[in-house]
Amino acid sequence: MESQQLRLQMKALTLQGMQLVRLQRFCDEAKLHLASRNNGDAQLQSRPKRNNSEYLRLLLESGIIHHGMKLGSQYESLYPSEGRETFFFGDDFIEIMLHYTWIYIRTPNVSFLVALDTGSNRLWVPCDCIECAPFSADKDFNQYSPSLSSTSRYLPCSHQLCNPNTSCKHSKDPCPYFADYASDDNTTSSGFLIEDKLHLASNNATKNSVQASIIFGCGRKQGGDFLAGAAPNDLLGLGPGSISVPSLLAKAGLIRNSFSLCLNSVLKI
């Protein structure tokens, strides 16, 4: 009866009531239950410390098992080739604080400082700029140009990820995009959709370097807060939409249809 009650207590509804999860076997409630059993202290000693890498790995594996997620991906995890570090900074004038990380795209690769945004779906970078944020001389910011990448191609209007409501005249024309962000200052990004390589790394012993094809915005014009310094080098949308980088990687079979963020609390200017 006690075991049955614990299982019932470990079930809870998550976001939007659409998924069913259980409290993981490493949570505090589970540890208290284990400590009350015979030989519980010995088993507790063998458990990883909270929030270290082994703890997070086992927690992920446990969640995958409980959710019945498919394990058919090529890699257990992928992360930017520049590394896993994130940091945040902002602009006192516009009062925006964003978390960032470095990514490499293009062939040959070029680095971009991406602002991480779970509320949108598209990655865009400053590209053959008509109107973009002014680049700071003390930061290593780059601008993308399709003509300088040997693996770049414009996404045609006939592609399934091209918005059918765009003003395409012919199916082979480059697919335009327009992204409008919730803001009082007309914060927007517009340009054309591009397909090119994103450079990633993995812990795979046989292949730790991965070049994945992704679709992103060649952002020729920015507006609003973007011109004032928010996301000055580009924005990485991590939402559930089919054009987001996690969705594209999952569709290609490279990763599971999930991702995680570990946000650094250190302020960097």
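**Surface and overall make-up**

I started with the surface of this predicted model. The protein exposes about 16,000 Å². Carbon and sulfur atoms supply 51% of that area. I then looked up how many of the residues are buried. The chain has 269 residues, and buried ones make up 41% of them.

I found one of about 260 Å², made by Phe259, Leu261 and Leu263. I checked Phe259 in more detail. Phe259 sits in the segment after helix H5, which spans 245-251. Its relative accessible area is 41%, so I noted Phe259 as partly exposed.

**Fold and contacts**

I looked up the secondary structure. The protein has five helices and twelve strands.

**The core**

How many residues does the largest nonpolar core have? I found 49. The residues with the most contacts inside this core are Ile105, Leu123, Tyr144, Ile214, Phe216 and Leu249. Several elements give two or more residues to this core, including E5, E6, E7 and H5. Strand E11 (209-223) and strand E12 (235-237) are also among them.

**The salt bridge**

I searched the whole structure for salt bridges and noted one. In general, side chains of opposite charge can pair when their charged atoms come close. Here the side chains of Glu195 and Arg153 meet, at 2.8 Å from N to O. Glu195 lies in strand E10 and Arg153 in strand E8, so the pair ties together parts that are 42 residues apart in sequence.

Is each partner buried or exposed, or in between? Glu195 counts as buried, because its relative accessibility is 19% and the cut-off for buried is under 20%. Arg153 has a relative accessible area of 40%, so I wrote it down as partly exposed.

**Thr187**

I moved to the loop between strand E9 (176-180) and strand E10 (188-201), where Thr187 has its place. Thr187 counts as buried, at 4% relative accessibility. Which residues does Thr187 touch, not counting residues up to four places away in sequence? My list reads Ala179, Asp180, Tyr181, Gly223, Gly224, Asp225 and Phe226. I looked again at Asp225. Its backbone nitrogen lies 3.0 Å from a polar atom of the Thr187 side chain.

I then checked the backbone angles. In the loop between E5 and E6 I stopped at Arg106. Arg106 is not a glycine, yet its phi is positive, about 90°. Arg106 is buried, with a relative accessible area of 11%.

Pro108 is found in the loop between strand E5 (96-105) and strand E6 (110-117). A cis peptide bond joins Thr107 and Pro108. I noted its omega as about 0°.

My last stop was Asp128, in strand E7, residues 123-131. Asp128 also has a positive phi, near 40°, and is a residue other than glycine.

Definitions and conventions: Residues are numbered from 1 along each chain as its sequence is written. This is a predicted model: local features need pLDDT of at least 70, side-chain atom pairs count only at pLDDT 80 or more; totals for chains, interfaces and linings use all residues. Side-chain values use heavy atoms; hydrogens and water are left out. Patches are made of residues with over 30% relative accessible area and no salt bridge: like charges are joined within 9 Å, nonpolar side chains (Val, Leu, Ile, Met, Phe, Trp, Tyr) within 5 Å. Accessible areas come from the Shrake-Rupley method with a 1.4 Å probe; for residues, only the protein chains shown count as cover. A salt bridge is a side-chain nitrogen of Lys or Arg within 4 Å of a carboxyl oxygen of Asp or Glu. Helices (H or I, at least four residues) and strands (E, at least two) are DSSP runs, numbered from the N terminus. Buried means under 20% relative accessible area, exposed over 50%, partly exposed in between (1.4 Å probe, protein chains only). A polar contact is a pair of N or O atoms within 3.5 Å; within protein, one must be able to donate a hydrogen and the other to accept it, and residues adjacent in sequence count only if both atoms are side-chain atoms. Contact means heavy atoms within 4.5 Å. A nonpolar core is a set of buried Ala, Val, Leu, Ile, Met, Phe, Trp, Tyr and Cys residues joined through side-chain atoms within 4.5 Å.
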